[in-house]
Amino acid sequence: QVQLTETGGGSVQAGDSLRLSCTASGRLFNIYAMGWFRQAPGQKRELIAQLVWSDGTRYYSNTVTDRFTIGRANSGVAVFLQIDNLKPEDTAIYYCAMDVPRGPVYGNSRSPPENFDYFGRGTQVTVSS
């Protein structure tokens with residue numbers, strides 16, 4: 001089993017920055033990618049950023065701009081999501097997720113949302129104008 005814990009959410013003003021962090025624990029092997037999903041009020045949960053664990057390749061969805069940066073933490077199995085110049089439309093619950101394939105996977109291609117097997121409980125980000 002894998003446990004993912006997100007921290008760093010909160011209520012902020014438009015224009016502020018936030019760094020969300022995610023730390024993984026448990027049976028951590030054969031990790032293909034870690035990523036961030038978000039679910040805005042009344043919307044479906046969407047995958048917005050991912051990082052391929054083997055080489056750090058990053059992918060972003062078309063719905064986020066360069067205000068979003070995913071990165072690997074300096075220690076442990078952990079990632080962050082830096083969000084700059086926050087806007088009210090960024091208000092959502094942000095979930096950390098992990099893609100753990102059942103067998104070996106080679107390369108560094110983008111992982112589809114359905115491949116992410118494990119999710120954290122989410123952290124709320126609320127942006128006021």
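Two strands pair if DSSP finds at least two bridges between them, and the legends below use the word in that sense for a predicted model.

View 1. Strand β9, residues 92-99, is mostly covered, with seven of its eight residues buried. Seven bridges join β9 to β4 in the antiparallel sense, and within this pairing G35 has A97 of β9 as its bridge partner. Strand β11, which spans residues 123-128, runs antiparallel to β9 and is joined to β9 by three bridges; here A92 is partnered by V125 of β11. Strand β10, residues 118-119, is also antiparallel to β9, the two being paired over two bridges, and F119 in β10 stands opposite A97.

View 2. Three salt bridges are found in a search of the whole structure. In one of them the side chains of R38 and E46 meet, at 3.2 Å from N to O; R38 is buried, with a relative accessible area of 10%, whereas E46 is partly exposed, with a relative accessible area of 25%. R38 also forms a salt bridge with D90, and the closest N and O atoms of that pair are 3.5 Å apart. Because R38 belongs to strand β4 (residues 33-39) while D90 belongs to the loop between β8 and β9, this contact ties together parts that are 52 residues apart in sequence. D90 is buried, with a relative accessible area of 2%, and forms a further salt bridge with R67, where the closest N and O atoms are 2.8 Å apart. R67 lies in the loop between β6 and β7 and D90 in the loop between β8 and β9, so this pair ties together parts that are 23 residues apart in sequence. R67 is itself buried, with a relative accessible area of 13%, and through shared partners the salt bridges join R38, E46, R67 and D90 into one network.

View 3. The structure holds two aromatic pairs. In the pair of F37 and F116 the ring centres are 5.5 Å apart and the planes stand at 80°, so the arrangement is edge-to-face. F37 lies in strand β4 and F116 in the loop between β9 and β10, so this pair ties together parts that are 79 residues apart in sequence. F37 counts as buried at 4% relative accessibility, and F116 counts as buried at 5%. The pair of F37 and F119 is likewise edge-to-face, because the ring centres are 5.0 Å apart and the planes are at 65°; F37 in β4 and F119 in β10 are 82 residues apart, so that distant parts of the chain are linked. F119 is partly exposed, with a relative accessible area of 28%, and the ring pairs link F37, F116 and F119 into a cluster.

**View 4. R45 over the rings of Y95 and F119.** The charged end of R45 sits over the ring of Y95, at 4.9 Å from its centre. R45 also lies over the face of F119, at 4.0 Å from the ring centre.

**View 5. Two separate nonpolar cores.** The largest nonpolar core has 29 residues, among which L4, M34, W36, I48, L81, Y94 and M98 touch the most other members. At least two residues of this core come from each of β1, β3, β4, β5, β7, β8, β9 and β11. A second, separate core has nine residues, including Y32, A33, L47 and Y59.

How values were computed: Residues are numbered from 1 along each chain as its sequence is written. This is a predicted model: local features need pLDDT of at least 70, side-chain atom pairs count only at pLDDT 80 or more; totals for chains, interfaces and linings use all residues. Side-chain values use heavy atoms; hydrogens and water are left out. A salt bridge is a side-chain nitrogen of Lys or Arg within 4 Å of a carboxyl oxygen of Asp or Glu. Buried means under 20% relative accessible area, exposed over 50%, partly exposed in between (1.4 Å probe, protein chains only). Helices (H or I, at least four residues) and strands (E, at least two) are DSSP runs, numbered from the N terminus. A nonpolar core is a set of buried Ala, Val, Leu, Ile, Met, Phe, Trp, Tyr and Cys residues joined through side-chain atoms within 4.5 Å. Rings of Phe, Tyr and Trp (its six-membered ring) pair if their centres lie within 6.5 Å; planes under 30 degrees apart count as stacked, over 60 as edge-to-face and the rest as tilted. A charge sits over a ring if NZ of Lys or CZ of Arg is within 6 Å of the ring centre and within 35 degrees of the ring normal.
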